[in-house]
Amino acid sequence: MNGDTVSALDDAIAGALARPARPLGPPPSGTGLDRRRLSALPVAAQAVANVAPSPGMMAASGMVAWLGVAAVPVYLLATLAMVLVGSCVAQFARRMAAAGSLYTFVAKGLTPRTAFLTGCALLLAYLSLVGMCLLGASRRLAMLLADAGLVSVAERERTVLLLTVLLGTILTTCVVRGIQISAMVTLALEAASVCVVLTALAVTAYSGVGIDDTLAAPDLTASAVTGALMIAITGLVGFESGCALSVETRRPYAVVPRVMFWTPAVCGALMLAAAGLHIYGFSRHHGGSAVDGSALAGPAVAEVTPLLPVLLQLGLVSSLFACAMASANAGVRVLFSMGREQVTPPVFGRTHPRYRTPYVAAVTVIPAAVLTPAALWLAGLPIRSISTALSVLATQGFLLTYVLVCLAMPVFLRRIGEHTRWASVAGLLGAVLLAAVFTGFWMETVRDGRAVLVAVFAGLLALGLLWFGRVRRRVPDVAIGFFDEATVEDILPGASPVRRG
Amino acid sequence: MTKPPRHPPAELAGRQPAAVVSALTVLEEVARAGPGVTAKEISTALGLPPATTYRLVNLLVAEEYLVRLADLRGFALGRKVVELAGAAAREALPPGVPEAVTALRTRVRLAVHLVRYRDGRLRLVDPDPDHPPSAEALLARHLHASAVGKLLLAERRDLLPVSLARFTPATITRPDLLDLELAGVRSEQAARQLGELRRDRGCLAFPVRGRAGGLLAGLAVSTSPDRVGRLDRAVLRLVGRCVDELADLLAPDPT
C-alpha cells in the first residue's frame, strides 16, 4: 500500500463528512416495495417453505420401500444438481436484487423474449403450486375433520371446497398485509412441520412399528432409478423463491446468495435423513427388509401414540399452507415486476400505500389460482387428478426456468465483464443437467399417459409468447429486467457517478 | 497450562490478513479511479487475479462498503465506508453553532444538547458538558425512548426498532401509542420525553429544519420530568430563537 492510494480513500471519507448533511426526506420509494426490511431468517423460511421439505421427506422414506439403500445416492445426486442450480442463481443474487427473481435474472443474460418465457413458466409454476398446496391442505384437513366425526363422509367433498376458499382468503390477506407477516407465518408453519415429520420418522424407526415384514427386492432397473431421480429432484425445486424477496431483504447481496446455496443443501439433507431413518429402523428390526413409508400415516404409528398420525397430518397441512404462501409471495412479485415494466397491465405494478405489497397482483392471481382447480373439480374432475396435473405443470415450469437461468448466468457475467472459467463451466453443466432432467420428466409424463399436460404447458407458454409479441408490436423497445438499482442513499456522499454518467 | 503461542496461529498469519489488505486496496482503488470503475479495471490496476477481484468486490458489495451501480458493471464507494473512519471522525460543526448552543446554556440554566440527523442516524454533536445526556449509542438505538429520537421517528417511521425496549414504567412500548405520540410530535413540531429513558430525566426537543423543511438537527433542553411540562415562556422563547439561529447556520442560504 503506498501513501497515495491511502489518501484517496481518506479523501473520499473526509469529503463525505465535510458535505452538508442532506435533509432527511421520506425513504427512497424506488420500487414501491418495503425496501430492506427483512432479516435473513424469513428469507430462508420463504425459500425452504417453497421447497416444502415435509412432503418430500415422506416421499424419501417411501422411496426406500422400492429402492432400498439405493435411495441414498439418488437423493445425493438430486441434491448436488439443485445445489449447482442454486450456485448459478447465487451469481445473479450476489449482483442484483430483483423482485422478479429468475425472470429478471434471465432478462440480464438472454433475450427479452426468452426472459418473458421464463417469467411465464415461473408464474405458471408458482400459481399451480398455490392451487395444488391449498387443495392438498384442505383435503387433509377435511379428512381429519371426517375422522373426528365433525363432518359426514358425504359432505367431505364440499368441505374440501369450503376449506380451500377459506384458506385462500387467509392466504391472500397475509400476502397483502405485508411481507413481514406472511414470512413469519411461513417460518412458524414450516419449522413446526419439519419437527413433527422428523419426530414421526424417528419414532417409527426406533419403535419398529409400521415397518413392513415382507421383503421387497430393490427394483434397480434404469427406468426405476430415473423415475426415483425425478421424484427426488421435483421434491427439491422451489428454493429460488427466496430471490423474490431480495428487494425487501436487509443486506440482500450477502443474505440471498447464501440462501440460494444452503436451501437445496439443507432440504436435500433433510430428505436424506428421512431415507436414512427408514433404512436404520428397518435394519434394526428386520435385518434388511424394506420399510413401507405409507404405513407412517396409517394405523401402525397409532399403536405408538394415537396422537402421532393426527400431528403428522397437521404437520403436512401446515407445510402445504406455508408452501402456498411462499409461492404466492414469489408469484405476485414476478407479476408485479412485469407490471412495472408494462409488459402486463401496469396496474399489477401497483403497491399498497401502507403495506407496501403488490396487492393488485395478489388479489387478482391468488383467487384465480385457487378458483381454477375448484371450478375443474365442480366440472367433475377428481381432486386427485387435479392435484397431479398442477404438480406436473409446476415441475415443468421450475425445470424450464432452471435450464434458462443456468444458461443465462455465464452470458450475464460476460456482459458485465466478470466472467470466469468456473462460472461458465457451472452454468453449462447446470443447463445440460437440468435439460436432461426436463426431457426425462417429459418422457415420464408422456409414458404415464399424461401427454396432455405437456401440451397444456407448451400451449400456455405459447399464449404467453403471443401476448409478448403483441406488446412488442405496440412498444418495440419494451424494457425487461426491472431491478432495485442503487440509490443516492446507498452511495458515499460525493462518490456518485455524476462525472461519468 | 501451556504458554500462549508467541506467534499468531497459522490461519491468522496466512491468507486472512492478506485478504483484508486486498479488500482495502480494492476500496482504495475505487476511491482513486472514481465511481463507475469496473471489476476488470480494478483487477488490472491492482494486478490481482480476476477471480479473486470479483470475489472481493462482491464481498465488499455484500457488506455494503461498495455499491454496484445501475449498469451492474461499475462500482462506487458505499455509504458504509464512513464507518471505517469510526468514532474518530466527529463531524465538524459549522462556525457559530457551538457558540449559539453555549449561549443558550448560560441563559436558560438547563441542560442543552444538540443532535444532528444524517442518513437516518442520530449523532450527539454537542452534548451539555455539565449535564451529560445518555450515551449516543443508547439514544441512537432506542429512538422511541428519547425526545430527540422521537423527532427523527416522526419523520422516518421506517427506522422504528423491531421491539420497543422498556427502560422505565413511562417508556412507550406499544406501537399504537407511539404512533399517536409521533402524530403529536408532527403537529406540535416538538417532542417530549417524561422519564422514559431515565426516571429522573425529562426532555423537550425541537426540530431544526433546512430551507426545504428537511430535518437537520434537534435541539433539546433537559431537566426533571415534572419541570418539563411547565417551562417558562421566556425560556421557550429563547430556545425557539436559538433553533432559528441554528437553522441558518446549519443550512446557509446558497447565495
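**Surface, helix packing and nonpolar cores**

Chain B exposes about 12,900 Å², of which carbon and sulfur atoms supply 56% (Shrake-Rupley method, 1.4 Å probe). The model is predicted, so local features need pLDDT of at least 70 and side-chain atom pairs pLDDT 80 or more, while totals for chains, interfaces and linings use all residues. Residues are numbered from 1 along each chain as its sequence is written, chains are lettered from A in the order in which they are written, and side-chain values use heavy atoms, without hydrogens and water.

Chain B contains ten helices and eight strands (DSSP runs of H or I with at least four residues, and of E with at least two). Of its 255 residues, 49% are buried (under 20% relative accessible area, 1.4 Å probe, protein chains only).

In chain A, the axes of helix α2 (residues 40-51) and helix α12 (residues 307-340) come within 7 Å and cross at roughly 115° (lines fitted to C-alpha atoms over the stretch in contact, with angles from 0 to 180 degrees between N-to-C directions). A:Gln46, A:Ala49 and A:Asn50 of α2(A) are among the residues that make the contact (heavy atoms within 4.5 Å).

The largest nonpolar core has 149 residues (buried Ala, Val, Leu, Ile, Met, Phe, Trp, Tyr and Cys joined through side-chain atoms within 4.5 Å). Helix α14 (residues 383-415) of chain A gives the most to this core, with 19 residues. Another core, of 39 residues, lies apart and includes A:Phe336 and B:Leu27.

Notes:
Buried means under 20% relative accessible area, exposed over 50%, partly exposed in between (1.4 Å probe, protein chains only).
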